[in-house]
Amino acid sequence: MKHVAVLDIGKTNVKLSIATGDGVMLESVSTGNELLAGPPYLHPDAEAIEAWFLDQLGNLARRHTIDAVVATSHGSLGALVGGGRLLMPPVDYENEPSEALNRRYAELAGSLADCGSPIMPGFAHMARQMLFLETEWPETVAEAEHYLGGPQYWAWRLSAIAASEITYLGAQSHLWNVRKARYLPIVASRGWQRLLPPIEPAWRRLGAIMPDLVRRHGLPEGIGVLCGIHDSSANFYRYQQAGLSDVALISTGTWIVGLGDIRRPDDLVVSEQRLCNADVHGKPLAGVLAMGGREFAALAGDAGEGTADVADVARLLAGGTMPLPSFSDHDVLFPGTAGKGRIDGPQPATPGERRALALLYVALLTDTCLDVLGEQGTTVLDGSFVRDPLYPALVAALRPKRRTLFNTEANGTASGAALLASHDSRDGPAPVDLRTPMDIDLPGLADYATRWRRATGGSLPIAKDT
């Protein structure tokens, strides 16, 4: 059986996995994604990632028959290349732009509806990264041949073939209008068209790993290199390939990332909270972001490990203990609340209550995200939070008239990316293990949630069905 190697570039870790054509994980290795403070700015160490990746790929190829390799990564990871090398390191999105750059970018970015998201903090948008690079290093940008999204950089590094891809351009890059399927005006006005290579499908085999890399790292000849995909869209693709539709997917970790099917894409209204992403075919998806992992950690502290007890949640509800946003510096769901998080009412008295309060809070954030998405028939939850069975149970209890399922497998992004290798040949649904949350009895939860919504500002772009 031939297998797929998946390079998954996360904000904190880098993982290399071997999967079957059905997306079943066989083996994984990982390393930290260490950031370098500079010069010239905070950036991931692409050279270290490459050395580790190719070394591990050679090791894995001695145990598995690898037919293809595909990369996936978090958004906002752009690479300026030319002459066969990386000219400028990727700009980490948590760098802080200057006020002058922010003002200039606000003038150039375009409308909220066309961009698909508001202007976010830091360097969250590839277009703002490009403006920064050409402002500070104009000669380097002038000699560049391509500006590539994260997954496409690794495809180029392996195959020497440059491509762009819809899901990555559609992940708040501010380069691409997802709904109109065209580049935003900033691309033409800044002359960036020459840097953006032709758009290829995420599943397209661009070529094979270059012979010199094959020789140097002891790799088998003929391993195909796929174009690659944005990590959240890869995870969504996994459920699409399992035959699900009319679904809202909430993936949890450092970020709570929500993506939702839109029955009529023309009806997708972008707001300060409601974003527009793209699936592998370029179809618009409703999107939403919340920094759930950091919010959870701020509330739970050293009580973050383990599982929460429903009895602790019941005591918090009865006492009126209420966490209000935001405990991180990301406040898109609740503008103006960054760093202002607080706990009203009696403070949690035990480690168990601290964890329970953190879990209740991220369940309420999830409920809010689903409101913003305007969810359709089914909610699917996955990622790190579902390891505590109380999390999906709380979300289901907050939305009793909706169907809620969850998936405890930890490799959704890698599985979805692996499925790209058999995109054109698959003749049945890909396997996925979906479970139903346990039933919990929490008197007063609905009233508590109503009071919490009122305390956090109340109205949202899309009201939930009642």
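First, my pairing rule: two strands pair if DSSP finds at least two bridges between them. Strands (E, at least two residues) and helices (H or I, at least four) are DSSP runs, numbered from the N terminus. This is a predicted model, so I note that local features need pLDDT of at least 70, side-chain atom pairs count only at pLDDT 80 or more, and totals for chains, interfaces and linings use all residues. Residues are numbered from 1 along each chain as its sequence is written, and side-chain values use heavy atoms, with hydrogens and water left out.

**Entry 1: S1 and its partners**

I looked up S1 and S2 (residues 13-19) and found them paired in the antiparallel sense over 6 bridges. The two make a hairpin, with 3 residues between them. Across that pairing, I see Val-6 opposite Ser-17 in S2. S1 also has 7 bridges to S6 (residues 66-73), and this pair runs parallel. There, Ala-5 has Val-69 of S6 as its bridge partner.

Is S1 buried or exposed? I take buried as under 20% relative accessible area, exposed as over 50% and partly exposed as in between, with a 1.4 Å probe and protein chains only. By that cut-off, 7 of the 7 residues of S1 (residues 3-9) are buried, so the strand is largely enclosed by the rest of the structure. In a regular strand, side chains alternate between the two faces of the sheet. In S1, I find His-3, Ala-5, Leu-7 and Ile-9 pointing one way and Val-4, Val-6 and Asp-8 the other, all of them buried.

**Entry 2: the sheet around S7**

Here I have an open sheet of 3 strands, ordered S8-S7-S9, with antiparallel pairing. S8 (85-88) and S9 (146-149) are the edge strands; each has a single partner strand, so one side of each lacks a neighbour in the sheet. S7 (residues 78-82) is joined to S8 by 3 bridges, and Gly-82 has Arg-85 as its bridge partner in S8.

For angles, I use axes fitted to C-alpha atoms (for helices, over the stretch in contact), with values from 0 to 180 degrees between N-to-C directions. Contact means heavy atoms within 4.5 Å. Helix H4 (residues 126-136) lies across S7, S8 and S9, at about 150 degrees to S9.

**Entry 3: the six-strand sheet**

Which order do the 6 strands of this open sheet have? I read S17-S18-S16-S15-S21-S22, with mixed pairing. Neighbouring strands in this sheet are turned by 25 degrees against each other on average, direction ignored. S16 (residues 256-260) and S18 (residues 284-290) run antiparallel, joined by 5 bridges. Val-257 has Leu-289 as its bridge partner in S18.
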